[in-house]
Amino acid sequence: MKTKLIFTTLILVTVVTVARQITPFQGWDRLEKESTDIDIVNCGKPTPPYPTINGPASDFSTGVLAVLKGDTNVSSARLWSDYKLQQGENYLIFGYYDSGIYQAFETYRVIPLGKDFSTSLIVGKSLDDQIRILFKLRIDHLNQQMKEEQEEKQRLEEGLMK
């Protein structure tokens, strides 16, 4: 009986692990091509932890703001990811949609867009132009964040020199 339980547990762990493969980043062109769904979502509330051995780091309800690629025609869904999602934030997701859940486990599949993002920036543009605009927006946010963090670092270093 004990052997049967161990065998069943090993099979379950293998199935869960195989179902969730993490792949290394292989370039934006490949990611765009292989992602069945590319969407912009707004994170709502976190959902209770999903009871799996190899579950996502983040599990949030989301509102779908825009579908850039894919056949998904929903206004809300759950999002599973290893990216540390934040409630109220908007994200560009390169992932897969199935049974009410977007899966974008690898952190590079999730691009933060901030709280104040507006889809009007990308309306009427091609997929490539939309993605370029969104990447530029994220780069601008990162540059501002790095500037602010550099200023803080300098203040703290001055405090160490006194």
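Helices (H or I, at least four residues) and strands (E, at least two) are DSSP runs, numbered from the N terminus. Asp39 lies in strand E1. The model is predicted: local features need pLDDT of at least 70, side-chain atom pairs count only at pLDDT 80 or more, and totals for chains, interfaces and linings use all residues. Residues are numbered from 1 along each chain as its sequence is written, and side-chain values use heavy atoms, with hydrogens and water left out.

Asp39 is buried and has no salt bridge. Buried means under 20% relative accessible area, exposed over 50%, partly exposed in between (1.4 Å probe, protein chains only); a salt bridge is a side-chain nitrogen of Lys or Arg within 4 Å of a carboxyl oxygen of Asp or Glu. Lys69, the nearest side chain of opposite charge, is 10 Å away (Lys and Arg count as positive, Asp and Glu as negative; His and the chain ends are not counted).

The structure holds 8 aromatic pairs. Rings of Phe, Tyr and Trp (its six-membered ring) pair if their centres lie within 6.5 Å; planes under 30 degrees apart count as stacked, over 60 as edge-to-face and the rest as tilted. Trp28 and Phe94 form a tilted pair, because their ring centres are 5.6 Å apart and their planes at 50°. This pair joins helix H2 (residues 28–34) to strand E4, 66 residues apart. Trp28 is partly exposed at 33% relative accessible area, whereas Phe94 is buried at 1%. Ring pairs link Phe25, Trp28, Phe94, Tyr108 and Phe135 into a cluster.
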